[in-house]
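Me: I'd like to learn how to read a few features of a structure like this one. Could we go through them together?

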Amino acid sequence: MTGTTVAPRRTPTPLLATLLGVSTMTIMASATITPALPGMERHFAGEPHAEVLVRLVLTLPGLAIMVAAPLMGYVGGRVGRVRVLVAGLVLYTVGGGSGLLLGSLPALLTGRALLGVGIAAIMTTATALLADHHPPAEHGRVLGLQGAAMGFGGVVAMLLGGVLGELSWRGPFAVYLLAVPVLFLVLRHVPEAPVAAPPADGKPVGSPWTWPLLGLYALTFLSITSFYVIPTQAPFWLAEVGGAGPVVTGALIAAVNLVMTAVGLNYGRLRARWDFRALAVAMFATYAVGLLLVGTAGNLWTATAGMLVVGIGVGLSNPTLNGWTVASVDPGARTRALGLLTSALFLGQFSSPLLAQPIAGAAGLGGTFLVAGALGAVVALVLTAVALTRRARR
């Protein structure tokens, strides 16, 4: 069933809290099991191609999300967003928690693929439901809170994963069972938003393929491609410039998530003063400054400062790109547009290390951060030029 979703005037606090809890599930996808990888590799050392397959256990959910997100967005628009969200949480629990029991790498990879489909369903529906149940004037605040919840979830995931990884390589997979109480909260507190009847002329309520939306998908790809050099390349660079080990590196990446949380908590105020284009300029500008600081760092302190600046951009990215997308499409097409946005995000996540590797080989790790920072600067300048051109025409 398609149609235009009508937001109710008031939103119960349990509904908002539940949807924010749902959003924390998405950020836990990969970071949770990172500490388990060495123990997993030792456990499966006798299996063929164990070294490669263990790394696929980490990355396969991202590929599944990239493929499944547009489909989940389409299904959410047809059968209802809450139904797709519930199904996503079930897949998240089964696929994520399967690592507690499964005894072979192919079986683990199957579970991780199911996890990815579940995350795709959650990501495309949670944001749409937040928008459905709040008036447009509240979107900046609630999407900022969503970004804050995701940043906090990243910190919790890293801490829990590390603690449970000390007990057993299977331990971090238990974190995915947190989706069970969240599932019950969704069933209790999250109704489907009222849906208006389809237009009498039979025309579709909106398309996720308009030029403005295609531009937002491209911005999402560029944003995550720039940022993702931090989690993929920073551990090696921090060890080179400051002798940082896993504990220090993990703490710094957790600090980036804390900055993301702080920005999300204040995003409503920022959105009240700036439009989405200005916020996007600020996002890419902070990427540029932070990545250039990291790339030119001669010590750990400078690299740390750069990573914290990048964290400001990360904090701006989720509510800005999601909010801009929600504002650029009819409510009935939100899940389809957010599905494509999610796919673009994970395409960037998948592509970032592939694009960075030849740059690192030619220009070194520091050069990789400089190139990523230059990309952020170029995008910020292009967005500024477009805004100035439009203002001059007016």
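Me: Is arginine 141 buried, exposed or partly exposed?

Reply: Happy to start there. This is a predicted model, in which local features need pLDDT of at least 70 and side-chain atom pairs count only at pLDDT 80 or more, while totals for chains, interfaces and linings use all residues. Residues are numbered from 1 along each chain as its sequence is written, and side-chain values use heavy atoms, leaving out hydrogens and water. Buried means under 20% relative accessible area, exposed over 50%, and partly exposed in between, with a 1.4 Å probe and protein chains only. Arginine 141 has 37% relative accessibility, so it counts as partly exposed.

Me: Which residue forms a salt bridge with arginine 141?

Reply: The general idea is that side chains of opposite charge can pair when their charged atoms come close. A salt bridge here is a side-chain nitrogen of Lys or Arg within 4 Å of a carboxyl oxygen of Asp or Glu. For arginine 141 the partner is glutamate 138, with the closest N and O atoms 2.7 Å apart. Glutamate 138 is partly exposed, because its relative accessible area is 28%.

Me: How many salt bridges are there by this rule?

Reply: The count comes to three. One of them joins the side chains of arginine 81 and aspartate 132, at 2.5 Å from N to O. That pair links distant parts of the chain, since arginine 81 sits in helix α4 (residues 81–97) and aspartate 132 in helix α5 (residues 105–132), 51 residues apart. Helices are DSSP runs of H or I with at least four residues, numbered from the N terminus. Aspartate 132 also meets arginine 334 in a salt bridge of 2.7 Å, N to O. Arginine 334 lies in helix α14 (residues 334–393), so this pair ties together parts that are 202 residues apart in sequence.

Me: Why does arginine 81 count as buried?

Reply: Arginine 81 counts as buried because its relative accessibility is 4%. Aspartate 132 is buried too, with a relative accessible area of 1%, and arginine 334 is buried as well.

Me: What joins the side chains of serine 23 and glutamine 146?

Reply: A polar contact of 3.1 Å joins them. The term means a pair of N or O atoms within 3.5 Å; within protein, one must be able to donate a hydrogen and the other to accept it, and residues adjacent in sequence count only if both atoms are side-chain atoms. Serine 23 is in helix α1 (residues 13–31), and serine 23 is buried, with a relative accessible area of 2%.

Technical notes
Helix = DSSP H or I, 4+ residues; strand = E, 2+ residues; numbered from the N terminus.
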